[in-house]
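Hi everyone, thanks for coming. Please have a look at the structure on the screen, and then I'll walk you through a few parts of it.

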Amino acid sequence: MVLYELFAHPVERGYRAGLGSKAALFLLLAAALTYLPPLLLAFRTHGFWLKRSSYEEQPTVRFQHQVLFVALLGPAPGGFLAWSTFPTFNRLQGASLRVPLVSTREEDKNQDGKMDLLHFKMELPLQASEQVLGVQLILTFSYQLHVPVINGTSPFARDFDLTNIAAAYQERNVTTILSDPNPIWLVGRAADAPFVINAIIRYPVEVISYQPGFWEMIKFAWIQYISILLVFLWVFERIKIFVFQNQVVTTVPVAPTSPVASYKEHLSE
């Protein structure tokens with residue numbers, strides 16, 4: 001009958017010495033060198049305590065269909081055309097009011113229930129002598145728990161001033177930025193063609209930064225400490241085995257016994 005090794009376990013050998021011996025002093029020194037240096041190394045990497053943390057989240061963004069638009073005309077200085085979805089603003093424009101054709105469409109590309117982008121198109125009718133030199137455009141979007149940027153019910157002209165709107169927006173704790181590093185401005189329109197703004201506004205994943213709590217800081221520090229400690233445990237375990245097996249420090253070796261032998265010896269007593 002062929003026998004196979006089905007299970008194995010190490011046999012431990014003990015080493016005895018007094019508490020005031022060199023062997024005990026060596027174990028105390030080895031323990032200090034095992035547990036303290038990993039703590040110092042983790043702390044000196046300047047990332048031991050987690051002061052700031054962040055996570056990514058797809059925000060719930062919806063276009064509020066609120067528009068404030070000003071077109072600067074030339075070549076005569078001071079000319080402009082304006083329009084908005086706010087009736088009070090429109091009444092203040094007088095002869096400079098020009099109603100454009102606006103079309104919008106939001107799209108959920110990944111079908112996760114949250115909108116990913118907005119297709120926005122505005123066509124402003126112009127006379128043959130009018131030329132647009134620049135535009136100012138404000139679109140409002142809703143984030144949950146956000147305060148409206150423009151007070152559409154206000155009867156005061158200052159609440160619709162672009163400078164005041166921008167200043168009030170910068171004072172908020174949470175702001176969003178529309179970034180377009182490569183805008184394209186096409187010239188050479190036909191005399192009866194409108195001025196067209198065509199934009200695709202994407203709603204990216206937001207990186208939210210926050211100050212972590214106590215237990216999150218402890219967990220982060222513990223992970224760093226353990227990752228270094230495991231290396232030191234492995235190294236000093238080999239060092240201790242070498243020192244005691246080769247009697248670098250004087251001890252009294254105890255012959256290894258199997259669990260079965262120890263059990264029988266206990267019964268005989």
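The areas come from the Shrake-Rupley method with a 1.4 Å probe, and for residues only the protein chains shown count as cover.

Before going on: this is a predicted model, in which local features need pLDDT of at least 70 and side-chain atom pairs count only at pLDDT 80 or more, while totals for chains, interfaces and linings use all residues. Residues are numbered from 1 along each chain as its sequence is written, and side-chain values use heavy atoms, leaving out hydrogens and water.

Back to Val-2, which sits in the segment before strand 1 (14–16). Helices (H or I, at least four residues) and strands (E, at least two) are DSSP runs, numbered from the N terminus. Is Val-2 buried or exposed? Val-2 counts as exposed because its relative accessibility is 59%; exposed means over 50%, buried under 20%, and partly exposed in between, with a 1.4 Å probe and protein chains only.

Now helix 1, residues 22–44. Its 23 residues reach 32 Å from first C-alpha to last, close to the 33 Å expected at 1.5 Å a residue; that expected span is 1.5 Å times one less than the number of residues. Among the buried residues of helix 1 are Phe-26, Thr-34 and Pro-38, and what covers its buried residues includes helix 4 (214–245). Contact, by the way, means heavy atoms within 4.5 Å. Just after helix 1, His-46 takes a positive phi of about 65°.

Next, Gln-93, in helix 2 (residues 87–93). Gln-93 counts as buried because its relative accessibility is 14%. Setting aside neighbours within four places in sequence, Gln-93 is in contact with Phe-80 and Ala-82.

Finally, the whole chain. How many helices and strands does the chain have? There are five helices and 10 strands. Buried residues make up 25% of the 269 residues, and the accessible surface comes to about 19,800 Å², with 61% of that belonging to carbon and sulfur atoms.
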